[in-house]
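Let's take a friendly walk through a protein model together. Have the sequence and the 3D view ready, and look up each place as it comes along.

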Amino acid sequence: MSDYIIRGMAADQQVRFVAATTRDLVEHARQIHQTSPVATAALGRLLTGGAMMGCMSKNDSDLITIQIRCNGPIGGLIVTSDARANVKGYVYHPGVMLPPSKAGKLYVGGALGSGVLTVIKDLGLKEPYTGQTNLVTGEIAEDLTYYFASSEQIPTSVALGVLMNKNNTVRQAGGFMIQMMPFASEETISTLEERLGRFTSVTKHLDSGQSPEEMMEELFEGLGMTIEEKIPTKFYCNCSKERVSRAVISIGKKELAKMVEEGEPIEVNCHFCNSHYNFTVDELEEMLKKAGAKPAVRL
Ligand SMILES: [Zn+2]
């Protein structure tokens with residue numbers, strides 16, 4: 001496993017950053033979801049962004065979900081990450097094909113069109129925190145930048161990239177998020193803006209052999225930078241037959257009774273990781289009993 005995320009501070013704590021290399025997990029997502037190149041790029045960018053946002057959580061038990069609903073041919077995407085950068089996700093229409101953009105690149109913005117980005121943070125409180133913004137370009141990095149500015153009021157520079165091989169497997173994937181603290185000086189801000197303006201692309205840097213550490217060292221050269229943590233990141237789904245059976249039970253007694261009557265085993269797929277779970281008629285009958293059981297009386 002060569003994917004990881006670094007988290008750190010720079011310029012006397014005026015700036016915090018995360019930077020990631022995520023080729024393996026994006027390639028894994030491509031394989032399980034059989035995504036087209038433009039869908040691989042869209043999902044890979046959001047998985048990378050989600051994994052980094054997971055790492056920025058305050059508590060180990062925090063969960064972050066980023067949902068995009070859009071009117072473009074991809075339909076939408078969902079990514080969920082925990083604080084340890086275990087990330088999973090899927091796109092609604094993985095087979096979407098589009099001609100390249102004017103710049104000759106995979107046209108992620110065209111695949112998404114216009115829509116809404118929602119960030120749901122489950123911080124273990126009664127109600128999750130939810131922030132919602134409109135898509136700006138549909139290219140995802142810009143959309144997350146806008147989300148941070150308008151919903152969290154944190155000036156953030158977001159870069160995300162997925163580079164494909166000729167055979168449509170993933171060659172490089174990665175990204176970074178750089179956030180200005182409220183007390184950041186004008187000098188620090190303008191220095192960084194100037195350097196970010198010159199920065200080509202994450203995948204170009206990764207493809208030239210640079211690590212996320214080296215990328216950040218280049219951006220923060222002379223400003224002082226400390227890496228606080230290096231976190232392995234991976235595509236991970238926590239589904240299991242038990243969880244899926246609970247989901248099936250939750251559709252209700254009537255529906256379950258119908259399935260038992262039909263007398264056919266059923267197959268249920270996990271959207272996130274595309275695992276298949278089979279339930280025999282006997283198992284469905286067991287589940288029907290559970291669905292019919294009266295909930296325990298709470299004292
Ligand atoms: Zn799953």
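## A methionine and its neighbours

Leaving out residues up to four places away in sequence, M215 touches A19, F176, H205 and Q210. Keep in mind as you look that this is a predicted model. M215 itself sits in helix 7, which covers residues 212-219. Is M215 buried or exposed? A residue counts as buried if 20 or more other C-beta atoms lie within 10 Å of its own. M215 has 23 other C-beta atoms within 10 Å, so it is buried.

## A tyrosine in a loop

Next, go to Y107, which is placed in the loop between strand 5 and helix 3 (108-112). Y107 has 20 C-beta neighbours inside 10 Å, and therefore it counts as buried. Setting aside neighbours within four places in sequence, Y107 is in contact with V38, L98, P99, P100 and S101. Which residue is 70 places away from Y107 along the chain, yet has its C-alpha atom 9.6 Å from that of Y107? That residue is P37.

## Two loop residues with positive phi

Now for a point about the backbone. Most residues other than glycine have a negative phi. Q13 has a positive phi near 65°, and Q13 is not a glycine. Look for Q13 in the loop between strand 1 (4-10) and strand 2 (15-21). N168 also has a positive phi, about 70°, without being a glycine. N168 is in the loop that links strand 8 (156-164) and strand 9 (170-180).

Are these residues buried or exposed? Q13 has 12 other C-beta atoms within 10 Å, so Q13 is exposed. N168 has 12 C-beta neighbours inside 10 Å, so N168 is exposed too.

## Helices that pack together

Two packed helices are described by the angle between their axes and the distance between the axes.

| Helix pair | Angle between axes | Distance of axes | Crossing |
|---|---|---|---|
| Helix 1 and helix 2 | roughly 135° | within 10 Å | right-handed |
| Helix 8 and helix 10 | roughly 60° | within 10 Å | right-handed |
| Helix 9 and helix 10 | about 155° | 9 Å | left-handed |

Start with helix 1 (23-33) and helix 2 (residues 37-55). Their axes cross at roughly 135°, which makes helix 1 oblique to helix 2. On the helix 1 side, L25, V26, A29 and R30 meet T40, L43, G44 and L47 of helix 2. The residues of this contact divide into five nonpolar, two polar and one charged.

Helix 10 (residues 281-292) takes part in the next pair, with helix 8 (residues 241-249). The crossing angle here is roughly 60°, and that makes helix 8 oblique to helix 10. S245, V248 and I249 in helix 8 meet M287, K290 and A291 in helix 10. By class, this contact has four nonpolar, one polar and one charged residues.

Helix 10 also packs with helix 9 (residues 253-262), at an angle of about 155°. How do the two helices run relative to each other, roughly parallel or roughly antiparallel? Angles over 145 degrees count as roughly antiparallel, and helix 9 and helix 10 are therefore roughly antiparallel to each other. From helix 9, K253, L256, A257, M259 and V260 take part, and they meet V281, L284, E285, M287, L288, A291 and G292 in helix 10. This contact counts nine nonpolar, one polar and two charged residues.

## The two domains

Finally, step back and view the whole chain. It is divided into domain 1 (4-235) and domain 2 (241-292). How far apart are the C-alpha centres of the two domains? They lie 36 Å apart. Five residues from domain 1 and four residues from domain 2 make up the contact. On the domain 1 side, helix 1 and strand 5 (86-91) are the elements that give two or more residues. Strand 5 supplies the largest share of that side, three residues. By class, the side of domain 1 that touches domain 2 has two nonpolar, two polar and one charged residues.

Technical notes. Residues numbered from 1 in each chain as written. Predicted model: local features only at pLDDT ≥ 70, side-chain atom pairs only at ≥ 80, totals over all residues. Domains from an automatic or database assignment. Contact = placed C-beta atoms within 7 Å. Helix = DSSP H or I, 4+ residues; strand = E, 2+ residues; numbered from the N terminus. Nonpolar A, V, L, I, M, F, W, Y, C, P; charged D, E, K, R; others polar. Axes fitted to C-alpha atoms, helices over the stretch in contact; angles between N-to-C directions. Parallel < 35°, antiparallel > 145°, perpendicular 65-115°, else oblique. Left-handed = near helix turned anticlockwise from the far one by under 90°.
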